[in-house]
Structures are given as structure tokens and as C-alpha cells.
Amino acid sequence: MTVEAWLESACADAERRGMPELKPMLETLARALQSLRDADVPFAHPAVHGGSDDAAEAV
Amino acid sequence: MATSLPSDLCRAAELVQARELTSVQLTTACLERIAARNEALRAFITVMTDQALADAARADGEIAAGHYRGALHGIPVSIKDLVDVAGTPTTSGSAVAPRHPAHDAPVVRNLRRAGAVIIGKTNLHEFAYGTTSDETAYGAVRHPQDPSRSPGGSSGGAAVSIVEGMAMGALGTDTGGSIRIPSAVCGIVGLKPTHGEISCEEVVPLSTTLDHVGPMARSVRDCAALFFAMRDGEAVPAAAPAKTEPVWLGIPRGYLFEKLDDDVRELFERTRSTLEQAGHAISNVDIPLVERTADVYLHIVLPESAWYHGPLLDAEGGKYSPGVRRRIELGRYVLAEDYLRALHARDALRRHVDNAIKGLDALLLPTLPIGAPPIGANSVRVGPGSEPVRAIMLRLTQLFDITGHPAIALPCGIGKDGFPRSVQLVGHRGGTERLLDVAAALEAQIAGGSGSVGGGVG
């Protein structure tokens with residue numbers, strides 16, 4: 001799921017549950033999520049560029 | 001008339017051991033301080049007057065009979081009200097229905113085995129989910145110097161109990177900085193040990209991956225006695241401060257120094273200069289990816305807190321403080337994939353901190369970028385900009401909850417606003433005892449070399 005799709009889905013759910021006050025917090029969390037995902041390479045995620053061949057083949 | 005107290009735990013222990021002071025006298029003095037100040041400061045949720053006095057009398061009897069158990073025997077200690085103590089409710093600072101434990105948590109059992117007198121349960125940021133101790137069902141905890149200011153959190157009541165002489169030692173918990181932050185704000189010493197070193201069993205969890213239990217007190221020596229008791233059930237004899245041999249320190253410049261108020265920056269540099277002049281070797285070190293710390297932290301603490309609180313939210317959501325509830329609800333939206341991504345990143349950050357500290361005795365950096373924040377403030381000025389209170393207060397401490405390295409907060413002087421500032425020393429994983437030795441060796445230099453900024457209140 002992309003960060004955009006996640007945010008849209010989460011905001012819709014918060015609205016449905018009667019907690020629209022969560023939306024700005026979800027937007028902040030979305031920025032943190034994008035930042036975390038952008039760091040897959042430097043954090044040596046095993047299935048992205050720079051990971052081991054074995055890990056990539058296992059997916 | 002109020003009974004006067006010795007200045008610190010180890011001094012009190014010496015007097016108790018020598019039978020120049022009884023545990024009953026000491027405990028009575030602490031209870032008098034609680035009676036005099038707790039209504040204003042809201043440090044304690046539960047005061048265990050009768051049991052504490054009975055335990056103190058028993059300790060006096062044992063000591064008189066020649067059965068002295070060590071530095072905590074007969075010493076009043078406060079317990080953060082997130083930790084089970086038999087026969088008292090564990091409120092977690094919340095209006096949500098409390099736990100009613102029949103047994104002590106193992107860490108409390110250890111303190112009792114070392115002879116400690118449990119004097120009461122301290123107030124906190126609700127469920128330890130905050131840095132200011134003002135979101136609590138038992139009234140905002142107030143800074144002893146100024147009731148309009150926060151003592152920090154989440155172990156705010158624990159810190160106030162020490163500053164005010166309501167207890168000689170305190171048990172706190174630290175998930176993002178909750179021992180070190182209030183210790184910094186209140187000008188005391190707080191130790192977060194290596195992750196897993198002190199039992200978190202029967203402690204209400206915030207984040208099982210990040211939670212730590214540890215001591216808060218007036219000195220490193222006091223914290224050491226409490227640490228050994230919490231870990232082993234046995235307080236080592238109160239040792240004299242270690243002799244000052246040159247130590248090797250690394251300063252992780254960069255991200256961790258970008259947002260500091262002027263007083264923190266000035267007092268930190270004075271501390272560094274004092275330590276260099278004393279002959280210690282100080283170099284700059286790099287921690288790769290440290291700028292991702294908050295992203296990793298959020299993606300661990302949010303889902304883990306949602307796991308524990310989910311059933312409680314569904315049953316009693318309306319009883320939570322609004323801010324705490326929002327943070328927990330947020331955790332329900334974190335995808336499993338991203339939680340595991342953060343756990344993987346945690347391993348990398350841990351290796352990076354291991355590498356940064358390699359060949360050194362400890363890392364040295366500020367504990368907190370600011371002094372005591374106003375109660376209820378959402379943001380504070382830091383240098384030219386405004387920063388959210390919660391994020392700025394966690395900024396320098398949460399990394400070491402993620403990586404599990406031991407860290408100790410030490411007072412380093414007083415800012416122009418009259419409130420304390422603090423530095424932290426970070427040790428090797430599994431090296432908490434060594435960190436305590438280093439901290440004991442540097443404590444007087446750190447406290448004595450810095451003084452106050454611009455003639456601030458001492």
C-alpha cells in the first residue's frame with residue numbers, strides 16, 4: 001500500500017469512527033512513514049537494492 | 001516540627017547503618033514532606049503511611065539485631081504508579097479502571113529484599129505516554145520551583161519526590177526518555193539501564209520493545225545503590241566516588257545538536273571544556289541515520305501501545321485523557337509491514353551506536369534541548385524557531401530506548417530561566433555498571449564546572 005493510499009484510507013476510517021481530530025496526526029505520521037520507507041536502502045532492507053541475493057530470491 | 005533529612009540516600013544509609021538515624025525517623029520525615037507539599041505538587045497518587053511506618057519499624061529491629069542488609073535497608077523509596085505493589089491499586093495515572101495486584105512486581109520484590117521501605121506510588125503522565133506529567137487523572141504534577149511549570153515526564157512525580165525529600169530514591173520507567181527527561185528538568189540524576197536488565201514484569205507496558213525500568217535519585221552513588229537493588233535484590237555497600245582517571249568520551253554532533261536552547265548549548269560546551277581541562281579525551285563521533293530516530297520510534301511505540309490499550313479503549317475509551325487517547329488510537333493505523341520495517345531499522349541504529357562508542361568509555365550529549373516547559377504548552381521556542389513540546393523533549397533520549405544502550409542524566413548547571421539543564425552519558429550495551437563508574441568519576445566535574453548561565457538562580 002502506498003503512503004498516499006494508506007493516509008486516505010486511515011483518514012476515512014477516522015472520520016467514520018467519529019474521530020476527525022486524528023487527521024492532522026495521521027498526516028504527520030504519513031510524513032514519518034514516507035521518511036522511514038525512503039530509508040530502506042540505507043537501513044539495508046534485505047529485499048531492496050543493496051540487500052542479499054538470497055533474501056531477494058526468497059520473496 | 002518537621003524532621004530534617006540527610007541530603008542524599010547514601011548519607012542516610014550510613015546514618016541508618018550506624019544507628020544514628022532510624023528508618024522510622026527517616027520515613028516519618030519523608031511522610032511529613034509529603035503531607036506538607038503533595039497537595040500543591042501532586043507528586044503522589046497513593047501514600048502508604050501505615051505500611052511504610054510498619055516496614056520502617058521492622059527494618060530498625062533487624063538492624064538493631066545485627067542483620068543489616070545494605071545501603072537500601074530502611075530507606076524510603078517511591079514507586080511510579082505504573083508498577084504493581086501488592087495491596088495498592090496500579091492507576092497508571094488514569095481514570096481507566098486500575099489493576100489491583102495481589103503481588104509485588106519483581107522489581108519491587110527486589111527492592112524490598114534489599115530492605116527498602118516503599119513509601120508510596122507516584123503520579124505520572126497517563127500510562128507513561130507523555131513527557132510533561134500534566135495529562136493525568138490525579139492532577140498535573142507541578143515543578144517544585146514554579147507551579148506553572150512541568151517537572152517533565154512521564155516519571156514527573158518520581159522526580160518531584162526526590163527534589164522535595166519525599167523519598168530518598170525513586171523507581172521510574174523510560175520508554176522514550178521518561179526517567180532522564182524529568183531528571184533533567186528537576187536537576188537530579190536518572191539512570192536508564194541497558195534494555196532488559198531490570199525486570200519489566202508486572203509493569204503496565206507502553207511499548208514492550210522500548211520499556212525500561214530504572215532509578216532516580218540525587219547522585220550517581222544513590223542511583224547505583226538503587227540499580228543494584230532493583231536488578232539483584234541486593235544493594236552494594238555505598239562506595240565512595242570513583243577516582244578520576246582520564247576517560248574517553250565521544251560527542252555525537254550533527255542532528256542531536258541542531259535544536260538546543262541557548263542555555264543548553266552554552267552549559268554543554270562549558271561542561272565539555274571543563275572535562276577537557278580535567279584531562280579527559282573528547283572527540284566527535286558520527287551516528288549514521290540518527291536523523292531517522294523519530295520515524296523509527298513512532299513506528300514501534302504507536303502499534304505496541306495500541307496492542308496493549310486496544311481492549312481498554314474499546315471498553316473505557318472515554319476515560320482516557322484526550323491527548324493520550326489520540327496517540328493510542330493513532331497506533332491502530334500502523335501497518336504490520338511498517339512496524340517490522342522499524343524493528344529492522346532499530347537493529348541498524350543499534351549497530352551504529354555500538355560503532356560510535358567503540359573504543360570510548362561513553363558518549364556525551366545534552367539530555368534535553370530545553371528547560372522546564374510551561375504546563376499545558378503545545379510548543380516552545382528553541383533558538384529561532386518554535387518546536388512541538390513532545391517531539392523536542394524526546395529528541396535526545398529516544399534513540400537509546402530504541403538501541404537499548406544504558407544512559408544516565410546528570411545536572412550540568414542552571415539556565416537563565418533559573419531551571420536546571422542536564423547532560424547524559426551513554427554507555428556500552430550490557431555495560432551499565434561501567435557507565436555508573438564513569439558517571440561517578442565525572443559527576444562532580446560536570447556539576448561543578450558549569451555553574452549557572454548569566455547569573456541565573458542557583
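Biologist: What percentage of the 59 residues in chain A do buried residues make up?
Modeller: This is a predicted model. A residue is buried when its relative accessible area is under 20%. In chain A, which has 59 residues, the buried share is 31%.

Biologist: Which elements make up chain A, from the N terminus on?
Modeller: The secondary structure of chain A holds zero strands. Its helices number three. From the N terminus on, the order is α-α-α.

Biologist: What ipTM does the predictor give the complex?
Modeller: Take chain B to begin with: its pLDDT averages 95. There, 95% of the residues score at least 70. For the complex, the predictor reports a pTM of 0.95 and an ipTM of 0.90.

Biologist: What is the area buried between chain A and chain B?
Modeller: The contact takes 25 residues from chain A and 23 residues from chain B. Carbon and sulfur atoms give 68% of the buried area. That area is about 2200 Å².

Biologist: Which residues in chain A lose the most area to chain B?
Modeller: Three residues stand out on that side. Together they account for 31% of what the chain A side buries. They are Leu29(A), Leu36(A) and Phe43(A).

Biologist: Which side chain meets Asp40(A) in a salt bridge?
Modeller: Between chain A and chain B the count is four salt bridges. The one at Asp40(A) spans 2.8 Å, N to O. A salt bridge needs a nitrogen of Lys or Arg within 4 Å of the carboxyl oxygen, so this pair qualifies. The partner is Arg341(B).

Biologist: Which helix gives the largest share of the side of chain A that touches chain B?
Modeller: Across this interface, eleven residue pairs are in polar contact. Helix 1 (3-16) and helix 2 (23-38) of chain A each supply at least two residues of the touching side. The largest share is nine residues, and it comes from helix 2 of chain A.

Biologist: Which residue in strand 12 of chain B stands opposite Lys192(B)?
Modeller: Strand 5 of chain B runs antiparallel to strand 6 (residues 212-217), with two bridges. There, Val189(B) has Ala217(B) as its bridge partner. Three bridges join strand 5 to strand 12 (residues 407-414), also antiparallel. In strand 12, the residue opposite Lys192(B) is Ala407(B).

Technical notes
Residues numbered from 1 in each chain as written. Chains lettered and ligands numbered in written order. Predicted model: local features only at pLDDT ≥ 70, side-chain atom pairs only at ≥ 80, totals over all residues. Heavy atoms only, no water. Pairing = 2+ DSSP bridges. Helix = DSSP H or I, 4+ residues; strand = E, 2+ residues; numbered from the N terminus. pLDDT = per-residue confidence, 0-100. Contact = heavy atoms within 4.5 Å. Buried area = accessible area lost by both parts, 1.4 Å probe. Polar contact = N/O pair within 3.5 Å; in protein donor to acceptor, adjacent residues only side chain to side chain. Buried < 20%, exposed > 50% of the residue type's maximum accessible area, 1.4 Å probe, protein only.
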